Amino acid sequence: MIKAEIDITEQMQGFSKFAKQNDVNHAMDEILLICRKTMMTPQIVLYQIAEAANKNNQITDYEMACKIQKLLDDQRNEIKRKSEMIEDSVNDAIFGLKELAKSSNPAMIKNYIEAIRLDLEQIESVL
C-alpha cells in the first residue's frame, strides 16, 4: 500500500484566519485548495475539519466548517429542486406535444400550444 503525506498546513492556517474574520468566501477558497491537494470532496474535508476542530476546541474553525457545509447542502437542495422542476416541465411539454399530434380540433391545438409555451417559460425561469 502506498502512503502519501500532503502538507495542508498553509491552507489550514488560512482557513483558521478567515474563520476568525468570519469571511466565508475566502475560507471556502482555502477548502477548495485543500480539496485539490488531497483529492477529497469538500464534504469530506469539511467533516474532517469540523471533527478535528471540535476535538481541539477550535470553536471558530468548527463553526465555519459547519456554516460552509450548510451552504453547500442548501445549494445542493436548490439545484435538486430546480432539476425536478425542469424535469416536470419537460414531461408536461412532451405530453402536450403528443396530445397536440393526436388532435385535429383547432381550439385544443391552441390550448396545447399555450400549455407548452408556459412549460417552456417555467423552464426558462429556473435557468
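Student: What does Asp-74 count as at its relative accessibility?

Tutor: Asp-74 is partly exposed, because its relative accessibility is 36% (buried is under 20% relative accessible area, exposed is over 50%, and partly exposed is in between, with a 1.4 Å probe and protein chains only). Please note that this is a predicted model, in which local features need pLDDT of at least 70 and side-chain atom pairs count only at pLDDT 80 or more, while totals for chains, interfaces and linings use all residues. Residues are numbered from 1 along each chain as its sequence is written, and side-chain values use heavy atoms, leaving out hydrogens and water.

Student: Which residue does Asp-74 form a salt bridge with?

Tutor: The partner of Asp-74 is Lys-70, and their closest N and O atoms are 3.0 Å apart. A salt bridge here is a side-chain nitrogen of Lys or Arg within 4 Å of a carboxyl oxygen of Asp or Glu.

Student: Where do those two sit in the chain, and how far apart are they?

Tutor: Lys-70 and Asp-74 belong to helix α4, residues 59–102, and lie 4 residues apart, so about one helical turn separates them. Helices are DSSP runs (H or I, at least four residues), numbered from the N terminus.

Student: How many salt bridges does the count come to?

Tutor: The count comes to 6 salt bridges. One of them joins Lys-102 and Glu-99, at 3.1 Å from N to O. These two are also in helix α4, 3 residues apart, so about one helical turn lies between them.

Student: Is Lys-102 buried or exposed, and is Glu-99 buried or exposed?

Tutor: Lys-102 is exposed, at a relative accessible area of 64%, whereas Glu-99 is buried, at 18%.

Student: What about Arg-117: which residue does it form a salt bridge with?

Tutor: Arg-117 pairs with Glu-121, and the closest N and O atoms are 2.1 Å apart. Both residues lie in helix α5 (residues 106–126), 4 residues apart, or about one turn of the helix. Arg-117 is partly exposed at 36% relative accessibility, and Glu-121 is partly exposed with a relative accessible area of 36%. Salt bridges with shared partners link Glu-114, Arg-117 and Glu-121 into one network.

Student: Changing topic, how many residues are in the largest nonpolar core?

Tutor: That core has 16 residues, and those with the most contacts inside it are Phe-15, Ile-31, Ile-49, Met-64 and Ile-68. Such a core is a set of buried Ala, Val, Leu, Ile, Met, Phe, Trp, Tyr and Cys residues joined through side-chain atoms within 4.5 Å. The elements giving two or more residues to this core are α1 (9–20), α2, α3 and α4. Its largest share, 5 residues, comes from α2.

Student: Which residues is Met-64 in contact with, leaving aside neighbours within four places in sequence?

Tutor: Met-64 is in contact (heavy atoms within 4.5 Å) with Phe-15, Phe-18, Ala-19, Asn-22, Asp-23, Val-24 and Ala-27.

Student: And Ala-50: where does it lie, and what does it touch?

Tutor: Ala-50 lies in helix α3 and counts as buried, at 12% relative accessibility. Not counting residues up to four places away in sequence, Ala-50 touches Tyr-62 and Ala-65. The C-alpha atoms of Ala-50 and Lys-110 are separated by 57 Å, and these residues are 60 apart along the chain.
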